[in-house]
Structure formats: structure tokens, C-alpha cells
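Subject: Structure handover and notes

Hello,

Here is the structure you will be working with. My notes on it follow below.

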Amino acid sequence: QEQLVQSGGGLVQAGGSLRLSCATSGRPFSAYAVGWFRQAPGKEREFVAAVTWKDVNTHYLDSIKGRFTITRDNTKNTVFLQMNSLKHEETGIYYCGEMRNPSPDYGLKMSAAYDYWGQGTQVTVSS
């Protein structure tokens with residue numbers, strides 16, 4: 001019931017674009033922040049982007065700045081990740097997470113700070 005529902009993703013050529021969506025199951029987000037993470041095969045889950053709910057501040061991994069944009073639509077209880085100029089090395093499973101309360105220990109960029117997760121969606125960027 002608390003799980004987030006993801007959509008989007010798929011196969012795209014390098015340089016292409018994809019948009020990921022992360023929605024609640026009919027309830028409003030009760031979030032301090034919502035974030036996107038990705039996990040490449042054999043690697044740890046990596047922070048990509050986050051948006052804080054109250055003040056709508058956005059935060060990005062340095063390597064994706066200027067190419068990815070995180071936005072939210074309160075009316076649809078949905079958070080989006082628009083990904084442009086995708087690179088082959090950005091292939092992986094992308095997850096959205098909802099952080100209910102701020103985490104002084106973990107901040108925004110560690111997955112342990114997030115309480116609920118989407119099911120993950122595969123993004124494959126062909127070279």
C-alpha cells in the first residue's frame with residue numbers, strides 16, 4: 001500500500017531521452033523528499049536526483065546536471081525524471097524512493113534515508 005509505482009524506462013540509443021514516472025497508489029505523497037537512484041549490474045545503488053517537497057529544492061548527481069530534470073505534479077501525485085543525452089554507462093535499474101522525514105545521518109543522497117520504494121524500472125542505453 002505504501003509502495004510507489006514506477007513507469008517509463010526502456011531501451012534508447014546513446015544521446016536519446018527517456019522519462020520516468022513515480023506515483024503513489026492513490027494517496028498524496030507524505031514526503032520530506034522524493035529521490036531517484038540507479039543500480040548498474042554488480043554495483044551499488046547510486047543517488048541520481050531528489051526534490052524536497054516543501055520548498056521544491058532539487059539536488060542532482062554532478063554527472064547528470066544539465067541533462068536530467070526532476071519535477072513533480074502534485075495533482076497527479078507523481079514525480080518525474082526527465083533524462084536527456086543518455087549515456088551507455090547510465091544503463092541500470094532506476095528506483096524512486098520516498099523519504100518521510102529528514103535524515104541528519106544520511107541526508108538526501110543515501111538510499112538508507114528513504115522509507116518506501118518503487119519496483120524499479122530498467123533503463124538500457126545502447127552505445
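Ser-111 is partly exposed, because its relative accessible area is 31%. The model is a predicted one, and that applies to everything that follows. Ser-111 sits in the loop that runs between S9 and strand S10 (116-117). Leaving out residues up to four places away in sequence, Ser-111 touches Phe-37, Arg-45 and Trp-117. Asn-74 is 37 residues from Ser-111 along the chain, and the two C-alpha atoms are separated by 23 Å.

Asn-77 has a relative accessible area of 18%, and the cut-off for buried is under 20%, so Asn-77 is buried. Asn-74 and Trp-53 are 21 residues apart in sequence, with 9.8 Å from C-alpha to C-alpha. For Asn-77 and Cys-22, the separation is 55 residues in sequence and 8.4 Å in space, again C-alpha to C-alpha. Asn-77 also touches Cys-22, together with Ala-23, Thr-24, Gly-26, Arg-27, Pro-28 and Phe-29, if residues up to four places away in sequence are not counted.

The structure holds 1 disulfide, and it joins Cys-22 to Cys-96 with an S to S distance of 2.1 Å. The pair links distant parts of the chain, since Cys-22 belongs to strand S3 and Cys-96 to strand S9, 74 residues apart. The torsion about the S-S bond of Cys-22 and Cys-96 is about 75°, so this disulfide is right-handed.

On the interior: in soluble globular proteins, nonpolar side chains tend to be buried together. In this model the largest nonpolar core has 25 residues. Which of them have the most contacts inside it? They are Trp-36, Leu-81 and Met-83. The elements that give two or more residues to this core are strands S3 (18-23), S4 (33-39), S5 (46-52), S7 (68-73), S8 (78-83), S9 (92-99) and S11 (121-126). Apart from this core lies another one, of 8 residues, which include Ala-33, Phe-47, Met-99 and Ala-113. As for Met-83, its contacts beyond four places in sequence are Gly-16, Ser-17, Leu-18, Leu-20, Arg-67, Phe-68, Tyr-94 and Val-123.

Two residues deserve a look for their backbone. Most residues other than glycine have a negative phi, and most peptide bonds are trans. Val-56 has a positive phi, near 55°, and Ser-85 has a positive phi near 50°. Val-56 is placed in the loop between S5 and strand S6 (58-60), whereas Ser-85 is found in the loop between S8 and S9. Val-56 counts as partly exposed because its relative accessibility is 41%. Ser-85 is partly exposed too, because its relative accessible area is 39%.

Asp-62 is in the loop between S6 and S7. The cut-off for exposed is over 50%, and Asp-62 has 59% relative accessibility, so it counts as exposed. Asp-62 and Ala-49 are 13 residues apart in sequence, and their C-alpha atoms are 9.6 Å apart in space.

Last, the pockets. How much space lies in the largest pocket? The value is about 170 Å³. The largest pocket is lined by Arg-38, Gln-39, Ala-40, Pro-41, Lys-43, Glu-44, Glu-46, Glu-89 and Thr-91. By class, this lining has 5 charged, 2 polar and 2 nonpolar residues.

Regards

Methods:
Residues are numbered from 1 along each chain as its sequence is written. This is a predicted model: local features need pLDDT of at least 70, side-chain atom pairs count only at pLDDT 80 or more; totals for chains, interfaces and linings use all residues. Side-chain values use heavy atoms; hydrogens and water are left out. On a 1 Å grid over the protein atoms alone, a cavity is a set of points where a 1.4 Å probe fits but cannot get out, and a pocket is an open set with protein on both sides within 12 Å along at least five of seven lines; lining residues have an atom within 4 Å of a point. Grid points are joined across faces, edges and corners, and a volume is the space filled by probe spheres set on the points. Ala, Val, Leu, Ile, Met, Phe, Trp, Tyr, Cys and Pro count as nonpolar, Asp, Glu, Lys and Arg as charged, and the others, Gly among them, as polar. A nonpolar core is a set of buried Ala, Val, Leu, Ile, Met, Phe, Trp, Tyr and Cys residues joined through side-chain atoms within 4.5 Å. Buried means under 20% relative accessible area, exposed over 50%, partly exposed in between (1.4 Å probe, protein chains only). Helices (H or I, at least four residues) and strands (E, at least two) are DSSP runs, numbered from the N terminus. Contact means heavy atoms within 4.5 Å. A disulfide is a pair of cysteine sulfur atoms within 2.5 Å.
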